[in-house]
Amino acid sequence: MIAGPSSSGKTTFSHRLSIQLRASGFKPHAIGVDNYFVEREQTPVDENGNYNFEDIHAIDIKLFNDHMTSLLKGERVELPEFNFVTGRKEYNGDYLQLGDEDILVIEGIHCLNDELSYSLPVESKFKIYISALTQLNVDEHNRVATTDGRLIRRMARDYRTRGASAKKTLSMWESVRKGEEKNIFPYQEVADAMFNSAMAYELCILKPIVEPLLFSITEDDPEYQEAKRLLKFLAYFLPCPADNVPINSITVSYTHLTLPTIR
């Protein structure tokens, strides 16, 4: 069970862990909890009437537990894939059936919360907390904030995989941060292991991807001042092409490279 705040590298980490487990003789299967979002119209709303995707009840908890329990019983299950454009789960023939050496590698922001996986045996869960804890300083007085690093990661991810603009990502960020304080950080101490996914070079890699997205935000947009702040922040870094990223780097998921499928 792998959890962490937004854009901490959960999905990429689950794939890298799966590769290592396979090298150790196991048969891992990466499961993204995001594929179990409820249909868009069933998503909880916040106090402003906006969809609250960070709420645990934005996940179809019953369906998730039904599927995971069936898998642990050795039954064959068709896994959903959530379409973030249409706001619907789709079933595209992705069937899974576990054998004796198979391991589920489950990732999502609520994975440390037992409410998500209430039907799974507690003794069978190994919980991992992942976050991008940056250790860089711009100068003696200004450090690179962990939240800024994750926000830039998320802009690149949302644009590449979800068709969302930087404006859209910035407009949701306050809600995301509130959700982290409520749904993620209180559970980090129950983790069996912790992993820091920050890379010293990642802002150089992400700069050429994110800068054009930020420049597309106009002065009339409410997100303009935040976009200006991030552009000034990125000016401290020299750009580096994504081709220089090692294929086994966690940064790979935020560039235009494609992750391998682990089944």
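Phe26 touches Leu21, Glu101 and Ile103, leaving aside residues up to four places away in sequence. The model that shows this is predicted. The chain has 263 residues. Its secondary structure comes to six helices and nine strands. With a radius of gyration of 19 Å, close to the 18 Å from the globule rule, the chain is as compact as a globular protein of that length.

**Phe26**

- Phe26 sits in the loop between H1 and strand S2 (27-32).
- Its relative accessibility is 34%. Buried would mean under 20% and exposed over 50%, so Phe26 counts as partly exposed.
- Glu101 lies 75 residues from Phe26 along the chain, yet their C-alpha atoms are separated by 5.5 Å.
- Glu101 is also one of the residues that Phe26 touches.
- Ile103, another contact of Phe26, is among the residues closest to the centre of the second largest pocket.

**The second largest pocket**

- This pocket has a volume of about 430 Å³.
- Its lining consists of 19 residues. The closest to the centre are Ile103, Leu104, Val105, Ser124 and Phe126.
- Which elements each supply at least two lining residues? They are helix H1 (10-23), helix H2 (61-72) and strand S7 (102-107).
- S7 gives the most to the lining, with five residues.
- By class, the lining holds 15 nonpolar residues, two polar ones and two charged ones.

**The chain as a whole**

- Along the principal axes, the C-alpha atoms fill a box of roughly 55 × 45 × 35 Å.
- Buried residues make up 49% of the chain.
- Take the contacts with a separation of 6 or more: residues 24 or more positions apart account for 72% of them.
- The chain exposes about 13500 Å². Carbon and sulfur atoms supply 51% of that area.

**Ser7**

- Ser7 is in the loop between strand S1 (2-3) and H1.
- Its phi is near 60°, a positive value in a residue other than glycine.
- Is Ser7 buried or exposed? Its relative accessibility is 4%, and the cut-off for buried is under 20%, so Ser7 counts as buried.

**Tyr95**

- Tyr95 belongs to strand S6 (residues 95-96).
- A relative accessible area of 40% falls between the 20% and 50% cut-offs, so Tyr95 is partly exposed.
- Not counting residues up to four places away in sequence, Tyr95 touches Arg76, Val77 and Glu78.
- The C-alpha atoms of Tyr95 and Leu79 are separated by 6.0 Å. The two residues are 16 apart along the chain.

**Val138**

- Val138 is found in the loop between strand S8 (128-131) and helix H3 (146-162).
- Its relative accessible area is 29%, which makes Val138 partly exposed.
- Which residues does Val138 contact, leaving aside neighbours within four places in sequence? They are Arg143, Val144 and Tyr236.
- Phe237 is 99 residues from Val138 along the chain. Their C-alpha atoms are separated by 9.3 Å.

Key: Residues are numbered from 1 along each chain as its sequence is written. This is a predicted model: local features need pLDDT of at least 70, side-chain atom pairs count only at pLDDT 80 or more; totals for chains, interfaces and linings use all residues. Side-chain values use heavy atoms; hydrogens and water are left out. On a 1 Å grid over the protein atoms alone, a cavity is a set of points where a 1.4 Å probe fits but cannot get out, and a pocket is an open set with protein on both sides within 12 Å along at least five of seven lines; lining residues have an atom within 4 Å of a point. Grid points are joined across faces, edges and corners, and a volume is the space filled by probe spheres set on the points. Helices (H or I, at least four residues) and strands (E, at least two) are DSSP runs, numbered from the N terminus. Ala, Val, Leu, Ile, Met, Phe, Trp, Tyr, Cys and Pro count as nonpolar, Asp, Glu, Lys and Arg as charged, and the others, Gly among them, as polar. The radius of gyration is taken over C-alpha atoms; the globule rule is 2.2 Å times the number of residues to the power 0.38. Buried means under 20% relative accessible area, exposed over 50%, partly exposed in between (1.4 Å probe, protein chains only). Contact means heavy atoms within 4.5 Å. Accessible areas come from the Shrake-Rupley method with a 1.4 Å probe; for residues, only the protein chains shown count as cover.
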